[in-house]
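Let's take a walk through this protein together. Have the sequence and the 3D view open, and follow along.

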Amino acid sequence: MTNACPDTRWVGALPAGGACPNPGPGWEKSRLISDPAAPASLRRYCVYEWEGSGGANLGHLPPGGTTWLDRDCFASVGQSDASDVEAIVRPILTAAQDTQLEIPATSSLTGTAVDVMILDTWASVASQGRSLHGLAMAGIVESVACGALGNASCPIQALPSLALDRYGPDRTVDPIHGGHYGSQSQLVRAIYEAINGPNGGHVVLNISAGWDDRYNDSTAYPGQLSQPVTAVRDALEYAACQGALVITAAGNATGGPDPGERPIYPAAFEQLPAPACVGTDRPLVYAVSGVDGTDSPLPNARPLARAKLAAPAFAIPSRKKVGGSAVMAGPYTGSSVAAAEVSAIAALVWSLEPALAADEVMDVIRSSGVALDEDADFCLAPPCGRVKRASVCRTLNALRPADVSCTGLRIPAGTGSNVTYDHDTIQAIAAVQATQGDGLFLTEPSQPTSGACSVDTYSLLGAELDAAELCPSEVLSSDLLLPSVDPQPPTDPCPACMVSIDVLREGVILELAISDRIAATTTVAPQTLTLSLAGDAVSRYDLGSAVDESSGTVLREGVTPGKVYQVEIPDNGLAYRVDYDSVSIEWADTESFHSSFPVVVTR
């Protein structure tokens with residue numbers, strides 16, 4: 001908790017307003033929202049940040065400081081040879097996304113201006129940013145929205161409002177290039193600054209970030225929301241009263257020894273009513289969860305966090321122009337992708353029907369969506385009903401039935417499929433491989449010296465390891481800087497990884513195309529590969545046991561950015577089981593634990 005919510009930054013609200021009390025030496029004070037035109041509900045928050053030497057002196061906070069102030073929590077985020085691999089698979093993955101979103105090939109529809117504000121790592125339209133996550137969400141918004149309109153120039157634009165502005169262990173602020181993590185109070189500022197978009201028209205706020213609900217409590221008053229979290233809620237209420245539509249990611253699984261469940265915040269605020277200014281019969285925000293190509297929950301789906309709306313979010317690539325050049329990012333798997341897609345559809349609706357209110361926009365999207373087989377886990381007024389998969393074509397058809405036909409585009413619930421690659425694609429990927437691993441030759445599950453893994457685990461070193469080492473996904477912390485105002489999903493070390501199954505030869509190959517955007521100073525190592533069928537883990541393999549045959553480097557010691565590794569894994573009859581629900585890789589690096597979800601392929 002110390003790393004997540006340090007003693008160096010505190011936020012509090014003055015019940016009666018007035019000036020923020022002066023602190024003692026070493027502390028700097030400021031208003032969270034200093035705009036004189038801001039409502040009193042936002043101007044009442046004071047921020048105190050330690051600028052002195054050594055550890056923060058809490059005795060120098062304003063009188064009674066820790067009784068009315070709460071810590072402001074930080075969080076970390078949550079692609080060469082490898083880039084060549086991504087270039088090969090990108091068109092295939094994009095086509096699969098368009099199919100499941102049911103995007104019409106052409107459209108004669110024209111719309112008016114709508115801004116989608118990306119509250120994320122992206123700081124400026126002139127820069128791709130320190131992290132590509134925010135820019136990638138912007139690219140997904142524009143590709144989905146602009147592809148469905150016939151305007152000569154797209155009237156829908158995705159724009160930055162920096163929410164994650166810090167990087168590095170010293171929590172350095174970079175307002176120019178953005179950061180990898182942020183704070184709850186910075187999200188408040190991003191919401192406020194995003195309300196009045198450059199076009200002066202309708203504004204959609206896309207928040208593909210959040211934190212776990214276990215970090216909501218006030219320090220002084222357990223059971224009550226902390227001051228920074230309360231400020232986020234107040235900012236969202238202000239946004240609603242200004243007519244903005246807020247769409248949020250429901251969250252991804254974190255893993256680790258104490259994995260979270262239920263939706264992250266602010267997506268969980270969908271369970272709260274909007275303020276009276278717009279009507280309390282609508283939720284404060286609209287959460288979105290992700291599904292794969294079969295409409296099943298994602299491999300990294302967060303337990304008990306299925307929102308009423310879902311969208312395709314399995315291995316989704318992004319493309320966004322910056323300074324005249326296209327920047328490629330991803331593929332991404334996670335609820336942030338789903339939120340960006342629904343933000344795009346909402347912008348489309350508002351572009352075509354600007355007279356609609358925010359809740360009416362969402363009513364069109366949900367009522368026209370594809371009913372899936374599972375009920376939502378949370379909503380404003382339970383029971384929540386079936387999850388609906390958002391559809392571009394069905395939404396447009398509901399608005400303009402005479403102009404938009406969905407014949408041949410409709411994908412009934414559960415009838416789609418995840419991407420597979422043909423022989424030529426796999427051969428093209430193999431042609432850019434730079435490094436070969438000598439593989440894992442394991443036939444029997446290992447038994448740890450203490451405890452037990454939840455599924456069979458195969459490791460060359462199994463007899464020498466205890467459960468804490470042999471079952472890393474069950475014991476590693478998912479993030480040293482939790483709680484997260486995290487991108488959902490976080491940075492992926494291997495966005496173009498894949499499992500290749502040779503049915504004729506009964507061979508199973510894992511190919512690791514390591515992202516070249518990982519800092520050379522960061523040690524990134526694959527931990528385990530998990531294969532799942534029907535939503536249940538089948539086998540788990542210790543990838544750290546694999547050795548690079550050319551250098552003799554053990555993968556557990558770290559892989560090189562931009563390189564492609566190949567690992568043969570034990571077959572155990574898996575070559576005949578090609579209908580995996582998910583294949584996941586668990587990673588460890590010097591700061592955090594990540595997961596990658598490679599596409600399953602056959603040859």
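Helices (H or I, at least four residues) and strands (E, at least two) are DSSP runs, and they get their numbers from the N terminus. The peptide bond from Pro382 to Pro383 is cis, with omega near -5 degrees.

Before going on, a word on what you're looking at. This is a predicted model, where local features need pLDDT of at least 70 and side-chain atom pairs count only at pLDDT 80 or more, while totals for chains, interfaces and linings use all residues. Residues are numbered from 1 along each chain as its sequence is written, and side-chain values use heavy atoms, leaving out hydrogens and water.

Now zoom out. The protein chain has 12 helices and 29 strands. Of its 603 residues, 58% are buried; buried means under 20% relative accessible area, exposed means over 50%, and partly exposed is in between (1.4 Å probe, protein chains only).

Next, head for the loop between strand 13 (245-249) and strand 14 (286-291), where you'll find Pro266. A cis peptide bond joins Tyr265 to Pro266, with omega about 15 degrees. Arg262 lies in the loop between strand 13 and strand 14 too. Arg262 isn't a glycine, yet its phi is positive, about 70 degrees. Its relative accessibility is 37%, so Arg262 counts as partly exposed.

Our last stop is Glu102, in the loop between helix 3 (81-101) and strand 6 (114-120). Here's another residue other than glycine with a positive phi, near 55 degrees. Is Glu102 buried or exposed? Glu102 is buried, because its relative accessible area is 1%.
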